[in-house]
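Work through the exercises below with the sequence and the model at hand, and try each task before you read its solution.

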Amino acid sequence: MSGSVTFGYEQPLEQGMAQIVVASLGASDARERLEPLFDEAAQLISAMIADKEATEPPPKPLACGAGCAFCCTMFEVHVLPIEVLRIADFVAKNFSEEDLVDLIKQIRRTTAKKADAPEPKDGGEERFSCPLLKGGLCS
């Protein structure tokens, strides 16, 4: 992507995730290994974040916490494929049929709105809230 910002952790993260996925999915009991795969991937990401914060601390402490939806409403948040699998697993286990129908409707509304949005001009761009937000909280 032209003009995108990189932070230097993308390649090691991608390589680490690929190694975890290949090792786990190559096993004969791959289906049973998905939950540990998610946990191992989350540990890798947490360790990389901790290392980045230790070597390059943010100029100001992060102000976010439980109930903060700033990034989920102000930025387009990208997810890794393994995160999509974890979210899908959570949704399948915890959402009622009605919640799932509502989520699909919200995803479709957001997708349509993004498709119809004009190209950003002068740094201003339309904001799209994460479809998983409910009342400002991650569902």
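## Exercise 1: Salt bridges

The structure holds two salt bridges, a salt bridge being a side-chain nitrogen of Lys or Arg within 4 Å of a carboxyl oxygen of Asp or Glu. This is a predicted model, in which local features need pLDDT of at least 70 and side-chain atom pairs count only at pLDDT 80 or more, while totals for chains, interfaces and linings use all residues. Residues are numbered from 1 along each chain as its sequence is written, and side-chain values use heavy atoms, with hydrogens and water left out.

Task: Find the residues that meet in salt bridges, and say where Lys 134 lies.

Solution. Begin with Glu 56 and Lys 52, whose side chains meet at 3.2 Å, N to O. Next, take Lys 134 and Asp 99, which meet at 3.4 Å, N to O. This pair links distant parts of the chain, since Lys 134 belongs to strand S1 (residues 133-134) and Asp 99 to helix H5 (residues 97-116), 35 residues apart; helices (H or I, at least four residues) and strands (E, at least two) are DSSP runs, numbered from the N terminus.

## Exercise 2: Cysteines

Task: Determine how many disulfides the model has, and whether Cys 138 is buried or exposed.

Solution. A disulfide is a pair of cysteine sulfur atoms within 2.5 Å, and by this rule the count is zero. Cys 138 is in no disulfide, as the nearest cysteine sulfur, that of Cys 130, is 6.2 Å away. Finally, Cys 138 counts as exposed because its relative accessibility is 66%, where buried means under 20% relative accessible area, exposed over 50%, and partly exposed in between (1.4 Å probe, protein chains only).
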